Amino acid sequence: MPTLNVNGIDFYYELHGADNAPVVVLSNGILAATSSWFNQVPVLKPYFRVLLYDCRGQGQSAHPPGPYTFEQHADDLAALLDRLRIQRAHIAGISYGGEISLTFALRYPARTLSLFVADSASHVDSALATIIAAWRDAATRRDPDLFFNVTTPYNFSRPPGCGPIRPRWRRRMIAISASIFRPWPVCSPVSWT
């Protein structure tokens, strides 16, 4: 398991693709892990050096007491890039990882070659806070089926007439959810300010 000690804690990371290719960083959504990028890595790695990592309190990285701030996550990413001797990168993230990416680009514009943000928010209102509370509750119960059922309607759109979710895809997503819960603890609290 590749880890580096950055800012006093161990960070799990993966690098895919050629050493001399431009780097793209993919930042996970909340309660996700590097395994959530299984569809993107094969498509990106012929063209990019793909850096996946679990931020502090996430997946296989250390889980120090929180809460954490987006500035702290952005500084962690900058320090991880330093340790990996990566000066500049394309920065991408989804959901919570998108918010980290936005903060990184604002704090480190000279290190940001481009920015791609998907399904992220610039602030959390009461409706989103309620959704996040349900996700946290499902994660705390460590029930992958419940977690899938609670999070899927908010993370994946289904066009009208598309039909039911394919069983194979559902099993894969539930397996990813299960990998989030074992053997490490659920993500520590996050500061939304």
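**Figure 1. R111 and its salt bridge with D82.** D82 is partly exposed at 46% relative accessibility. R111 and D82 form a salt bridge, with 2.8 Å between the closest N and O atoms; the term stands for a side-chain nitrogen of Lys or Arg within 4 Å of a carboxyl oxygen of Asp or Glu. The pair links distant parts of the chain, 29 residues apart: R111 is in the loop between α3 and β6 (112-118), and D82 is in helix α2. Helices (H or I, at least four residues) and strands (E, at least two) are DSSP runs, numbered from the N terminus. This is a predicted model, in which local features need pLDDT of at least 70 and side-chain atom pairs count only at pLDDT 80 or more, while totals for chains, interfaces and linings use all residues. Residues are numbered from 1 along each chain as its sequence is written, and side-chain values use heavy atoms, with hydrogens and water left out.

**Figure 2. The salt bridge between D75 and R107.** Side chains of opposite charge can pair when their charged atoms come close. In the salt bridge of D75 with R107, the closest N and O atoms are 3.0 Å apart. D75 belongs to helix α2 and R107 to helix α3 (residues 96-107), so the pair ties together parts that are 32 residues apart in sequence. D75 is partly exposed, with 23% relative accessibility, and R107 is also partly exposed, with a relative accessible area of 41%.

**Figure 3. A74 in helix α2.** Helix α2 spans residues 70-83 and includes A74. A74 is buried, with a relative accessible area of 0%. Beyond four places in sequence, A74 is in contact (heavy atoms within 4.5 Å) with I100, T103, F104, R107 and Y108. The C-alpha atoms of A74 and F104 are 4.6 Å apart, although 30 residues separate the two along the chain.

**Figure 4. D54, a buried residue with no salt bridge.** D54 lies in the loop between β4 (49-53) and α2. The nearest side chain of opposite charge, R56, is 13 Å away from D54; Lys and Arg count as positive and Asp and Glu as negative, with His and the chain ends not counted. The side chains of D54 and N28 are joined by a polar contact of 3.0 Å. A polar contact is a pair of N or O atoms within 3.5 Å; within protein, one must be able to donate a hydrogen and the other to accept it, and residues adjacent in sequence count only if both atoms are side-chain atoms. The D54 side chain also reaches the backbone nitrogen of T34, at 3.1 Å. Contacts of D54 beyond four places in sequence include F11, Y12, G59 and Q60.

**Figure 5. S27 in strand β3.** S27 is part of strand β3 (residues 23-27) and counts as buried at 0% relative accessibility. Leaving out residues up to four places away in sequence, S27 touches W37, Y53, A92, G93, I94, G97 and S101.

**Figure 6. The salt bridge between D137 and R141.** The closest N and O atoms of D137 and R141 are 3.0 Å apart. D137 is partly exposed at 37% relative accessibility, whereas R141 is exposed, with a relative accessible area of 55%.

How values were computed: Buried means under 20% relative accessible area, exposed over 50%, partly exposed in between (1.4 Å probe, protein chains only).
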